[in-house]
2 protein chains.
Amino acid sequence: MQNRLAIIAFTLMLPSGAFADAGSDLGSKVAQQGTPQGVAPCMSCHGADGAGIAPAGYPRIAGLDAGYLAKQLKDFRAGQRNNPVMMPMAINLTDEEISAVSAYYAGLPVPAPAAQPPVEAVDGAGLNLAQWGDWSQRGIPACDQCHGPGGNGIGPHFPGISGQHAGYIKAQLQAWKSGGRTNDPLGMMKTVADQLIDAEIDAVSAYYAALPGALPTPATNTPSLVASDKTVAAEDVVAGQVLQQGAPPAGRTPGSDGYFQSPGRKDLMDSPFDQVVLRGQAIFDNTNAHPTSSKYVGNDQACGNCHIDSGRLAESAPLWAAWVAYPAYRTKNQKVNTFIERIQGCFEYSMNAQASAAGGAPAANSDTIVSLVAYSFWLAKGAPTGDKTLPGRGYPRLQETELAFDPERGAVVYAAQCALCHGDDGAGVIYSDGTTLFPALWGADSYNWGAGMHKIDTAAAFIKHNMPLGLGDSLSDQDAWDAAAYMNSHERPQDPRHQGDLVATTEQFHGGRFDYYGQRNAADGSLLGERPSTR
Amino acid sequence: MQNRLAIIAFTLMLPSGAFADAGSDLGSKVAQQGTPQGVAPCMSCHGADGAGIAPAGYPRIAGLDAGYLAKQLKDFRAGQRNNPVMMPMAINLTDEEISAVSAYYAGLPVPAPAAQPPVEAVDGAGLNLAQWGDWSQRGIPACDQCHGPGGNGIGPHFPGISGQHAGYIKAQLQAWKSGGRTNDPLGMMKTVADQLIDAEIDAVSAYYAALPGALPTPATNTPSLVASDKTVAAEDVVAGQVLQQGAPPAGRTPGSDGYFQSPGRKDLMDSPFDQVVLRGQAIFDNTNAHPTSSKYVGNDQACGNCHIDSGRLAESAPLWAAWVAYPAYRTKNQKVNTFIERIQGCFEYSMNAQASAAGGAPAANSDTIVSLVAYSFWLAKGAPTGDKTLPGRGYPRLQETELAFDPERGAVVYAAQCALCHGDDGAGVIYSDGTTLFPALWGADSYNWGAGMHKIDTAAAFIKHNMPLGLGDSLSDQDAWDAAAYMNSHERPQDPRHQGDLVATTEQFHGGRFDYYGQRNAADGSLLGERPSTR
């Protein structure tokens, strides 16, 4: 408090003539000179380079996403983010000034971090939470899963946290936890922070503070969460699901249900076998971009998109349950499938291998398959062979509702709950190196019409138990059904079993009320499956 | 006893002139007229067709192996088989008469069985013992495994029992058990009969009595077990292992060690999956002759030859232990192998796939592999994934002895303990339909130089714990080592990794004192591996 008052006093002492000669555009003017309405120059506290002042608790703002910065300023202005220093200044900023200064700081280079992380943060809880989260016990996603690789941020909703001051990160986490800060989308940060103990908050803050920051991944297809310029009004949302800010949903608490637990990642040693398991995990997380497996992937999907927590999470078709259930007879192809054939099927459909560089799924003895097999086997260590009753296997079926499902209603749910990550256009977000940050849900880079996920019942079950990420089981059954119907009412790559005759393909491989292929019109009026999107 | 006395009285009443006009050769004369020394005609009791008389306890002898019949007569004559009716007659038979009458009855058609089996014998213990034995609990091999398909007999040591009278079979089993009959090779029947309860003896007797008999499979390459014409004298056998008759060895008792138990065969239903499991079992037992898999087998081997009891038996590299241990890193090929790659390796080496019709191992998605995978998975039902410490896995290593191993000593052990089934020439016995009854241990139809079994330590471990069949752990460690050395001192199909340079192949893939490839001379003086046998 002493620091804050000192700064307020300092800004009030600035001569008004200081506004005259600085930067030529509005953003730099606000940053360097303040505004005619008496707003102090941002640089007074955040520094000329936007690096902030760690001891004072002023965050680095240089290189953060402009949308994120603008939203924070507007939230300060509207009282949705509570801060005694920023609120009085934000009140005096115009929309134009907010946009300009946000763009200005977004365009500045990311400052180098001053801190070195404590060893324990890198080796222990900090690294773990950042890279893996704690799905099994507490349902906590990895920080990087939303904040992007290296914690550098994704679009306006997930700010860069790498190279941020440890004290600032820690203060925010404590504020989410205590309710002092509430402007997080869907209550995501509240949900996470509520479950962190102080030592974890310290560790993860130290971990990110010492990471060199980099520019965030842009995501311009996501909706605004600023109250005044929302694209979907809260009152439009069906069944009580609103675009929440701050109120954490009542989701499930994994780990409380006696689910099978895979070995810890730290149990992996340097043996040749463990190296293959590690490669399997990397391929699983990043199938479309990993150098070993990318040639077999014809879209922007990875195994981990449909199997959360790298295939570990119960109710998310966990690999440990699949491993002990295969080989098995599948009605889909009317034969007994080995585990390898099953994952080759994932490549053919969910990862649209036909459109890949290799032109098809990897062979049984390819590095990709062997690595994925080794990884799955390792995840299942100790699970009883042939046990198809393991709790949490597959996506637990969702009972149908009285209202049935409706893509029109689903569009509203989607805008409120899904577009935040997957975009208004369903195209997701791709990292500069080709890594999928948020997967495409329809269109050329999504799963094709042969994938299990195109079935509305399967998708509804997946969504109900796993979406939004980290908030599984927070949607109502109705919203999950409707969102699934909306998602699957869009065009996607052709079913590779299609021989040119849409009616024949529909009759042979599709049909039933959970399947829109060949039976429902896309937005352009064509039957779904009729005009497969091309990449 | 009453019946026996009645028959003796009957034979004594036959007019001696009855010898005059019957069959033109000696065998038929003895059978139909008896001998000048007063031996009654065999047909008096065994019938003109050799079908025997069930109520009197006289066995059918028509169509049995001549060597078997001759041995029995000589055993009666020598007092090694005890029977008050047969002994007095056999004493008066010459070697020539025995050979002739044995050949005569061996050449008669097999009579049709009179009996119908009780339903419970077919559905229950009778069928089970006949086809599967009870390896896991009591170490009992299937009757058919030695008596041949359908119980029709193999060579002189394993008589046909199909179509034999139930009362006779039962009496023999009780006699082995009580010690009343002791002329079984290696005490095999004593070992089995000792463990059967009366209800099982009744069931299996009824089962075989109702089976239509057929001619036995000849096996002329096996040693005589008749004392007077043994090829190996008991005093030649090292380390106390002799060609026993009647004294059961002190073997292990499976089931007492808490080994993992696979599901029962009767647990398999008619589901599409179970049908594939059943096909897998059939392929496993009969890889070289099964219509699905034979094209991938370039010798006369089947999976079941090295994995006893269809891959179920502990200490015999059971499949349930292998299933949960793969994928795994193998030094043999210096990579992680999936379970499928591992069994493809069995085809390449143990089953010499390079010389097969297909020219190589079956593909990962072939019916053969999928069936074997489904079968292995099913065998492992309930076993903990990744557990490499299951008791009974693999072939438990055998400690080296002070004497080390020596093929010369091994030749003596082999003659006494192994040649009975595998033949003096190691060529085994093949059934008329191509099925392997006893596998070849060397030569063109055996495993090739790349198979794990060519390593003397591996073979010694296998032999110690599993050979002779049903008498595992009865050989001394020394005998097991020596027999393994003898077996692997013979030529066999070339290592498929051989590129034409014996020294290079030896250096790259062989070497060490457990491997004779390229390092020891075969009988013809050539280095082993130098002149690969061709089929």
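This is a predicted model: local features need pLDDT of at least 70, side-chain atom pairs count only at pLDDT 80 or more; totals for chains, interfaces and linings use all residues.
**Note on the two-chain model**

1. Pro468(A) sits in the loop that runs between helix 22 (456-466) and helix 23 of chain A.

2. Where is Pro327(B) found? Pro327(B) belongs to the loop between helix 17 (319-325) and strand 1 (328-330) of chain B. The bond in question goes from Tyr326(B) to Pro327(B), with omega near 5°.

3. Next, a backbone angle. Ser310(B) has a phi near 55°. That is a positive value, and the residue is not glycine. Ser310(B) is part of helix 16 of chain B, which covers residues 308-311.

4. Now look at a side-chain link. Arg409(A) and Asp482(A) form a salt bridge, with 2.7 Å from N to O. Arg409(A) is in helix 20 (residues 407-417) of chain A and Asp482(A) is in helix 23 (residues 477-487) of chain A, so the pair ties together parts that are 73 residues apart in sequence. Over all chains, the count of salt bridges is 34.

5. How many salt bridges cross the interface of chain A and chain B? The rule finds 0 there. Polar contacts do occur between the two chains: 6 residue pairs are counted, both residues at pLDDT 80 or more.

6. Which parts of chain A supply at least two residues each to the side that touches chain B? They are helix 14 (272-285), helix 17 (319-325), strand 1 (328-330), helix 18 (339-348) and helix 19 (367-379). Helix 19 of chain A gives the most, with 4 residues. By class, this side of chain A has 20 nonpolar, 5 polar and 2 charged residues.

7. The extent of the contact comes next. Chain A brings 27 residues to it, and chain B brings 27 residues. Interface size is often given as the accessible area lost when the parts come together. Between chain A and chain B, the buried area is about 2200 Å². Carbon and sulfur atoms give 74% of that area.

8. Last, the empty space inside. A probe the size of a water molecule, rolled over the atoms, shows where such space is left. The count here is 6 cavities of 30 Å³ or more. The largest cavity has a volume of about 120 Å³.

9. What lines the largest cavity? Its lining has 13 residues. Those nearest its centre are Trp323(A), Phe339(A), Trp323(B), Phe339(B) and Ile340(B). Helix 18 of chain A and helix 18 (339-348) of chain B each supply at least two residues of this lining. By class, the lining has 11 nonpolar and 2 polar residues, with no charged residues.

Definitions and conventions:
Residues are numbered from 1 along each chain as its sequence is written. Chains are lettered from A and ligands numbered from 1 in the order in which they are written. Side-chain values use heavy atoms; hydrogens and water are left out. Contact means heavy atoms within 4.5 Å. Buried area is the accessible area (1.4 Å probe) that two parts lose on being put together, summed over both. A salt bridge is a side-chain nitrogen of Lys or Arg within 4 Å of a carboxyl oxygen of Asp or Glu. A polar contact is a pair of N or O atoms within 3.5 Å; within protein, one must be able to donate a hydrogen and the other to accept it, and residues adjacent in sequence count only if both atoms are side-chain atoms. Ala, Val, Leu, Ile, Met, Phe, Trp, Tyr, Cys and Pro count as nonpolar, Asp, Glu, Lys and Arg as charged, and the others, Gly among them, as polar. On a 1 Å grid over the protein atoms alone, a cavity is a set of points where a 1.4 Å probe fits but cannot get out, and a pocket is an open set with protein on both sides within 12 Å along at least five of seven lines; lining residues have an atom within 4 Å of a point. Grid points are joined across faces, edges and corners, and a volume is the space filled by probe spheres set on the points.
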